[in-house]
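Let's take a friendly walk through a protein structure.

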Amino acid sequence: MMVKSPFFSGLRSNIFAGFVVSLIALPLALGLAVASGFPMVAGVITAVVGGVLVSVFGGSHVTITGPGYGLVVVLLSAVAVLGDGDMQAGYLYALSAVILSGVLLLLFGFLRFGALSDFFPASAIQGMLSAIGVTLLLKQFYVMLGDMKTKGTVIELLTGVPELLKSLLLASSGQLYAVSIGVISLMIMFFYSKITNRFFRLIPAPMWVILVALGFDVYFSLVGVENPINKKLLVSLPNDMLTSVPVPDFSKWKEPVFWGIVLSVTLVSSVESLLSIKAVDKLDPEKRRSNINKDMRALGIATIVSGFLGGMNVGTVISRSSVNVNNQATNRSSNFFHAVFLLLFVIVFQEQLGKIPFTSLAAILVYTGYKLAAPAIFVRMYQIGKEQLFIFLTTLIATLLTDLISGILIGVLATFVVHVVLNKAFWLFSRNLLKPNVLMYKESETQSYYVGVIHFCTFLNFYKLKVKLDMIPQTEKVVVDFSLCSFVDHTVQESLNNYEELFVRKGGVVEIIGLDVHQADSSHPFAVRTLRPMQKFRVFGRGKTRRQLQLEALAKQKGWSYQPSPKTKERLLRDHLGYETTSVERVYNKLSSANNEVSLFDIKYSEGVFIAKESVHTTLMCVCLKTPAPVFSFDREMLLEKLSLLAGFHDIDFPDYPTFSDEFFVRGNDPEKVRAFFTSELISFFSAYGFYHIMCNGKELIVRQFLRPATPAEAAAIIEFGLDLKKKIDG
Amino acid sequence: MYKNEYNTVLVGVAFSPNLQANVFEALRMSALFNASLVMVHVGEKKDSKEAMLQKIIADFPGSTPEYTVLWKAGHPVEVLLRACEDEKADILILGALKREGLLKYYIGSVARKLTRKCHCDVLLLIKPSVERMPCSYAVVNGLAHEKTEKAIARAFYVLDSLGATRLTIVEEIPEDDVAIKVDDDRGLRKSTIVKERIKMREDSRVKKILMHIPEKLKHTINYDVQHIFGRRGYSIGHFARVKRADLLIMNAPSKLTLLDRLFPHDLEYILSDLPTDVLIVR
């Protein structure tokens, strides 16, 4: 009997997904190649080589590879700078740069640089991508309006726009036809998502753009008139495009400019690919984790081959990959089939492709550029925080004014300066940068992983935390504790949010605690959070953390009130057993029942002035009792043994319940009363919930689980326990 | 029964605002260990100073142990080292400094040198206090090292003397031991299996060590074992901080070379940022 392998059973859907992706990939490949100053066929070569090689050697599962958006800007300037005006010579020089960047990528893969993109602040990367978007948008805007010879900086392009529009008035009809097709294409790109017609949506937007252009041509041939579009504005494919291979020219290798270009190409291509791989992993219906380093090696190999064949850098591309996932692709074979279909299209429809005007391809890229630099991105940056907007804009402007490498470096520097200014302390970073700062272990009580971070946690040292998180199976429960950490930046929080999503998808949980006391300047949950030691109590108005939002939801569900702001004067602990020597710094995140009989709150206290300990940060539940109870304490690990200092406290044995006596420590000043109080029902109840520590001063019970703040789920469990206990005692 | 492991406690006294606290801590420790105390002052003997010291000792509320006071001139490090040898001290008590305005403790250069060169155990107190702060929970390292057995045995003895009741033996397993880089799910599965195996191996090693601990001690002190995969010497300090241990007990490293100081490891992480009181066992 034949064993059915998942590869063959999934083959049909993968072929289909590959087909759909190739419909989008074709126009993009053509457009991106032209925009990069490469011959049109280079884009197809890139996608075909990438599809074939990465599907064989790659380490990801449902990604699609091909020419990326980010590269367009870098490669275009490479062709211009290296060729010094001569596009053909520049192309051959640029090919050698592509090949060398492939070698670098391969090397990065072997050196396990897969975490490279984690070393850049999220806002700076966003700034760089938006700068690429702005450049792409402007350059292609010119092409869309029929001006093929665009050159100059972004500023020059921007100031030239009125001139460009004026020149349209004098344009020939051949150009105007092309421009109108371009504008129609742009409208299709923009309004495609608004149209809900089922048949219209069968074909992806970029393909519609091609179809409109071809339809235009067909119309004229049916009418019997020659296509009125200026021949110069029509795509031309060489007849021998699949047989003639350009020879890369390495003769510029001595020039530093050349290596600068190699570096920028590598940087952009790897950052774009890495971000895409990460994003696609979140889409994978089978929830697999990509082997990023292996994928990088595959991309390197594919780039080298693509370069020798006259193609561009092979990268992982997000939009094509997400289409791939949406069409039920299950493995890398869909990437392979996308390449096959692409090749077929180009061979079969070679003649028809020659009827497409540049303007419609440019329209696709104008839209892409707009997406990378959309106003929504600026707004989002502002919402996260003014300082993030500052970093974003600094990187954006610096990249536009200089080049990609300098731009991103300035962005990194700006981020660091912002962090120093926010903390008003350089030493926090200088002193602790190289020190290890992450602790991870499995809590024996709850079997969940505890990850503690001290000092600070920013893009500078996030990899230390990342390494630990990567080692935890994503089906497990993880508690990330920042209570000893003075500063947590936006990059870290966004990455942690990624981890939360990945864990949730596989049935695990990542919960973040200890961030609630940190100060945030905006209401965004990912805003940077600093702990300012000398600060007076902060009134939490805006900027609730995710934990606070979850606690609020918990309160609502119970019909309780929720008070996030801290209160300094908290009566209950002052006169409470065991907490007599404590001085309470703050009580916050307080959930209390309608009659105020039961409450749960986070608390920060230090154990008396003379004791050197750092203050304790934990979650307590307080239950008021109606029935008078004896003074006692209960716990398993003798965490409360400081009580032994208080006079007259004895370890109380229960002769009738030897296992209970052995396992738990019950103390009180009146053994008889305590023994009478602990009925058999109560004893079995306590045994079942032995991980709680309970203290009673006769009127109130204080329940605690950990010496750290509880996660929302743990808080809910404590509340249930406290309510049950109250029911058991009060009846 | 086990024998008294600490017979002589040595403490350096300087006439600083902390004097009373330091002396009280030393007296208290000596009484708890049932040992005699040697107080060494580096500098000239002056009547006023001696009277001050006597007054402080007279104020000590508990029973005063047997003690001697030595007045010696010279370089603090050398004097104290020599005194340790001459007096056959078993344990040297040192106080740590607090970083200005921050809840961070580190030890000064003199104490650091002493910690490195001393041949007896060293107890570093992060904040000596006049009143007694009970020690109830300690963390001891359980790493694979020839001295670990002694450190664990010493931990049980010290905890018993101090009246502490809870001990966690922390096994720090360097991540390099796992030797599998986690790239994808397969790598993760492999590394999880390897970790389980290492854990079991380490468990049996610690169990063997624990077999030599007297039953009586094992009964009074509640102990458990915690595995941490992380940087050696660092993780245990962070763990002690998170768990709010009162005392951290560590092996002294085998040998410190210049390289060890340039590339901090093991003890150095803890010395530069003391999480709690630290006892270094030789």
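## A predicted model

Before we start, please keep in mind that this is a predicted model.

Now think about contacts in chain B with a separation of 6 or more: 81% of them are between residues 24 or more positions apart.

## A strand in the interior of chain B

Find strand E4 of chain B, which covers residues 91-95. Is this strand enclosed or open? Five of its five residues are buried, so E4(B) is largely enclosed by the rest of the structure. In general, side chains in a regular strand alternate between the two faces of the sheet. Here Ile91(B), Ile93(B) and Gly95(B) point one way, Leu92(B) and Leu94(B) point the other way, and all are buried.

With strand E1 of chain B (residues 8-12), E4(B) pairs in the parallel sense over three bridges, and Leu10(B) is found opposite Leu92(B). With strand E7 of chain B (residues 121-125), the pairing is again parallel, over five bridges. In that pairing, Ile93(B) sits opposite Leu123(B).

## Where the two chains touch

How many residues of chain B are in contact with chain A? There are 33 of them, and they meet 32 residues of chain A. On the chain B side, the elements giving two or more residues are helix H6 (185-211), strand E10 (222-229) and helix H8 (235-242). E10(B) provides the largest share, six residues.

What kinds of residues make up this side of chain B? By class, there are eleven nonpolar, eleven polar and eleven charged residues.

## Helices packing in chain A

Two packed helices are described by the angle between their axes and the distance between the axes. Start with helix H4 (residues 69-83) and helix H11 (residues 256-281) of chain A: their axes are 9 Å apart, at an angle of about 170°. Because angles over 145 degrees count as roughly antiparallel, H4(A) is described as roughly antiparallel to H11(A). From H4(A), the contact uses Gly70(A), Leu71(A), Val74(A), Leu75(A), Ala78(A), Val81(A) and Leu82(A). From H11(A), the residues involved include Val257(A), Phe258(A), Ile261(A) and Glu272(A). The residues of this contact between H4(A) and H11(A) divide into eleven nonpolar, three polar and one charged.

H11(A) also packs against helix H12 of chain A (residues 292-308), at an angle of about 135° and with 11 Å between the axes. H11(A) and H12(A) are therefore oblique to each other, and their crossing is right-handed. Ser270(A), Ser273(A), Leu274(A) and Ile277(A) of H11(A) make the contact with Ile292(A), Asp295(A), Met296(A) and Leu299(A) of H12(A). By class, the residues of the contact of H11(A) with H12(A) are five nonpolar, two polar and one charged.

Most residues other than glycine have a negative phi. Which residue of chain B has a positive phi of about 50° although it is not a glycine? It is Lys88(B), in the loop between helix H3 (76-86) and E4 of chain B. Lys88(B) counts as exposed, because it has 11 C-beta neighbours inside 10 Å.

Look for Gln328(A) in the loop between helix H13 (318-326) and helix H14 (333-348) of chain A. Gln328(A) has 16 C-beta neighbours inside 10 Å, so it counts as partly exposed.

## Sequence distance and space

To finish, compare positions along a chain with positions in space. Ile384(A) is part of helix H17 of chain A (residues 375-384) and counts as buried, with 24 C-beta neighbours inside 10 Å. Ile384(A) and Ser123(A) are 261 residues apart in sequence, while their C-alpha atoms are 9.9 Å apart in space.

In chain B, look at Lys150(B) in helix H5 (residues 148-162). Lys150(B) is partly exposed, with 14 other C-beta atoms within 10 Å.

Definitions and conventions:
Residues are numbered from 1 along each chain as its sequence is written. Chains are lettered from A and ligands numbered from 1 in the order in which they are written. This is a predicted model: local features need pLDDT of at least 70, side-chain atom pairs count only at pLDDT 80 or more; totals for chains, interfaces and linings use all residues. Axes are lines fitted to C-alpha atoms, for helices over the stretch in contact, and angles run from 0 to 180 degrees between N-to-C directions. Helices (H or I, at least four residues) and strands (E, at least two) are DSSP runs, numbered from the N terminus. Angles under 35 degrees count as roughly parallel, over 145 as roughly antiparallel, 65 to 115 as roughly perpendicular and the rest as oblique. Two residues are in contact if their C-beta atoms, placed from the backbone, lie within 7 Å. Ala, Val, Leu, Ile, Met, Phe, Trp, Tyr, Cys and Pro count as nonpolar, Asp, Glu, Lys and Arg as charged, and the others, Gly among them, as polar. A crossing is left-handed if the near helix is turned anticlockwise from the far one by less than a right angle, and right-handed if clockwise. A residue is buried if 20 or more other C-beta atoms lie within 10 Å of its own, exposed if 12 or fewer, and partly exposed in between; C-beta atoms are placed from the backbone. Two strands pair if DSSP finds at least two bridges between them.
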